[in-house]
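Okay, thanks everyone, I'll keep this short. Have a look at the structure on the screen, and then I'll walk you through the sheet, the charges and the rings.

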Amino acid sequence: MKIMLVDDSKKHRLAGYAQLTEAGHEVIVFADYSKAAKTVKDGEKFDAALLDLLMPAEAEMLGGKGLEHLGQLIDVGYALAIKMAIEGVKLIGVATDTGHHDHPAGAMMDWFIGRTIMIGESKVILRHSPMNSDGTKNWLAVLEELTR
C-alpha cells in the first residue's frame, strides 16, 4: 500500500516510517501539511493518509493578520482529512498524542472514539493515537484499524 504520513514531530515520523515500511508498505513522509496537500493536488496517488491532528500554522496558508498565528499549533488534521478525501485518498486516519485535557482539539477527539466516518468514498477515523512504549505514535495500529 502507498501511504502518506504527515506529522510535524520527527520522532513520530521516523517511528511511523519504520513501522509501516517493515510491514511492507511504501511510505512518503511529510513534516508539513501544505506540501502534503500540494502533492495530492498535483496528482500523486496514495492508498492511505495518516495525519497528525495538531501542527504548527505555516506561512503558505497565512497572510495579513493571519501571520499572527504562524507557528501556533492548529487542528489542521480535520481539514487535511477532508482535503485528502476530496483528492481521492480512500483510507484516512487522523491521530493525536495530545491528551483531551491538553488542548481543545484533543478533547474533541473524544467525540469520535470508536466511529468510522465516510467522506464520499473515503473511510476516515479520528482518534487518540495508540502509543508505543518509547513514547512514539503507533501509526501501524492506526492503519490496521482503518483496514478492518
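This is a predicted model: local features need pLDDT of at least 70, side-chain atom pairs count only at pLDDT 80 or more; totals for chains, interfaces and linings use all residues.

Take glutamate 121 and lysine 90: their closest N and O atoms are 3.2 Å apart, which is inside the 4 Å limit. Glutamate 121 sits in the loop between β7 and β8, and lysine 90 in the loop between α3 and β6, so the pair ties together parts 31 residues apart in sequence. Buried or exposed, then, for glutamate 121? Exposed, with a relative accessible area of 63%, while lysine 90 is partly exposed at 38%.

Now for a pair in another setting. Aspartate 7 and lysine 137 meet at 2.9 Å, N to O. They link distant parts of the chain, 130 residues apart: aspartate 7 is in the loop between β1 and α1, and lysine 137 in the loop between β8 and α5. Aspartate 7 counts as buried, at 1% relative accessibility, and lysine 137 is buried too, at 0%.

On to lysine 2, which I rather like. Its side chain makes a salt bridge with glutamate 44, 2.8 Å from N to O. Lysine 2 is in strand β1, glutamate 44 in the loop between α2 and β3, and they're 42 residues apart. The charged end of lysine 2 also sits over the ring of phenylalanine 46, 4.9 Å from its centre. Lysine 2 is buried, with a relative accessible area of 19%; glutamate 44 is partly exposed at 32%.

β1 and β2 run parallel, joined by 5 bridges, and valine 6 has phenylalanine 30 in β2 as its bridge partner.

Last stop, the rings. There are 2 aromatic pairs. In one of them, tryptophan 111 and phenylalanine 112 have ring centres 6.3 Å apart and planes at 65°, so that pair is edge-to-face. Together with Tyr78, Trp111 and Phe112 form one aromatic cluster. Tryptophan 111 counts as exposed, at 59% relative accessibility.

Notes: Residues are numbered from 1 along each chain as its sequence is written. Side-chain values use heavy atoms; hydrogens and water are left out. Two strands pair if DSSP finds at least two bridges between them. Helices (H or I, at least four residues) and strands (E, at least two) are DSSP runs, numbered from the N terminus. Rings of Phe, Tyr and Trp (its six-membered ring) pair if their centres lie within 6.5 Å; planes under 30 degrees apart count as stacked, over 60 as edge-to-face and the rest as tilted. Buried means under 20% relative accessible area, exposed over 50%, partly exposed in between (1.4 Å probe, protein chains only). A charge sits over a ring if NZ of Lys or CZ of Arg is within 6 Å of the ring centre and within 35 degrees of the ring normal.
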